[in-house]
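Me: I would like to go through this model with you. Could we start with the terms and then move to the residues?

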Amino acid sequence: MFSVPPGKKLLRSCSGLRMVADGGKSSPFCLEEPQWVPDKECHRCMQCDIKFDFMKRKHHCRRCGRCFCDKCCSKKVALDRMCFVDPVRHCADCSLVSQKEADFFDKQLKVLIAGGTFSVTPGESEKSEVMTCRLTSHHLFLLLDGETPLEVPVSRISSMQILTDAASPGDSDIHTYTSLLDSHFLPEESSRPSGIVLHYKRMAHMDTQQLRMDVTEDKKGPAWLAAMYKAAKMMKSSGDP
């Protein structure tokens with residue numbers, strides 16, 4: 001048996017046992033369970049096209065909800081984005097996606113929660129402040145601790161740009177902006193992440209705020225930025241393979 005953390009509850013569905021938020025908002029990294037293709041509408045495997053019968057049973061992928069034979073839907077993989085307690089049945093395509101996301105939940109998420117130290121500049125201000133930024137344990141907010149604390153709702157971040165040292169020899173002061181939501185991956189290793197620009201809306205407000213965070217001597221900063229990049233990529237994804 002395992003204990004249920006405060007603020008969580010166990011919920012059983014046709015797909016399996018899930019540990020979800022108890023009454024509050026769920027993590028912005030989470031996905032809703034898909035609607036299963038009804039058994040009566042599924043007569044053949046949606047991968048290999050084999051016909052179902054008494055011996056060839058149909059199985060549903062817990063991630064996409066499509067219907068497969070046992071051979072095409074035999075992999076049981078952790079599905080963190082749907083909060084399943086145990087590994088669940090996946091089709092081949094979905095299993096690859098979930099396995100890639102598992103790295104984020106196992107590694108990058110811990111980096112985001114641990115936090116990093118940055119030089120923070122709000123809006124168009126010329127004044128910056130050294131602050132510690134971390135993701136809350138329920139993943140709903142970025143908390144910036146300093147003389148003027150800030151709270152950024154993750155779900156209300158409209159755009160993110162990463163600031164990198166994309167310099168060639170002799171051009172150490174050149175910086176480039178790479179959109180976290182549009183680019184395919186972080187710049188090459190030679191382009192060290194040096195900051196991030198966020199645009200977001202405060203709770204109960206419609207005006208867009210800008211926040212720039214530049215790395216300091218804290219070595220955790222670049223790793224935090226890389227983890228935030230992967231979080232943005234995953235949030236943009238609908239979860240489809």
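Reply: Contact means heavy atoms within 4.5 Å. The model is predicted: local features need pLDDT of at least 70, side-chain atom pairs count only at pLDDT 80 or more, and totals for chains, interfaces and linings use all residues. Residues are numbered from 1 along each chain as its sequence is written, and side-chain values use heavy atoms, with hydrogens and water left out.

Me: Which residues does M213 touch, then?
Reply: Not counting residues up to four places away in sequence, M213 touches F118, S119, V120, C133, L144, S194, G195, I196, L198 and W224.

Me: Which members of the largest nonpolar core touch the most others?
Reply: They are L142, M213 and W224, in a core of 30 residues. A nonpolar core is a set of buried Ala, Val, Leu, Ile, Met, Phe, Trp, Tyr and Cys residues joined through side-chain atoms within 4.5 Å. Buried means under 20% relative accessible area, exposed over 50%, and partly exposed in between (1.4 Å probe, protein chains only).

Me: Which elements give two or more residues to this core?
Reply: They are α1 (92-114), β7 (116-122), β8, β9, β11 (157-165), β13 (192-201), β14 (208-215) and α2 (220-236). The most comes from α2, which gives seven residues. Helices (H or I, at least four residues) and strands (E, at least two) are DSSP runs, numbered from the N terminus.

Me: What lies apart from this core?
Reply: Another core, of 11 residues, lies apart from it; F68, C72, C73 and C94 are among them. In soluble globular proteins, nonpolar side chains tend to be buried together.

Me: Back to the whole chain: how many helices and strands does it have?
Reply: The protein chain has two helices and 14 strands. Buried residues make up 39% of its 241 residues. Of the contacts between residues at least 6 apart in sequence, 48% join residues at least 24 apart.

Me: Is β7 mostly covered or mostly uncovered?
Reply: Mostly covered, as five of the seven residues in β7 are buried.

Me: Which strands does β7 pair with?
Reply: β7 pairs with β8 in the antiparallel sense over five bridges, and with β14 in the antiparallel sense, also over five bridges. Two strands pair if DSSP finds at least two bridges between them. On the β8 side, G116 stands opposite C133; in β14, the bridge partner of S119 is D214.

Me: How many residues sit between β7 and β8 in their hairpin?
Reply: There are six residues between them, and G123 in the turn has a positive phi of about 55°.

Me: Which residues other than glycine have a positive phi?
Reply: C83 is one of them, with phi near 65°, and H139 has phi near 70°. C83 is found in the loop between β5 (75-77) and β6 (88-90), while H139 lies in the loop between β8 (129-135) and β9 (141-145).

Me: Why do C83 and H139 count as buried?
Reply: C83 counts as buried because its relative accessibility is 18%. H139 counts as buried because its relative accessibility is 12%.

Me: One more residue: where does P222 lie, and is it buried or exposed?
Reply: P222 lies in helix α2 and is buried, with a relative accessible area of 15%. Leaving aside neighbours within four places in sequence, P222 is in contact with R192, P193 and V215. P222 and R192 are 30 residues apart in sequence and 7.3 Å apart in space, C-alpha to C-alpha.
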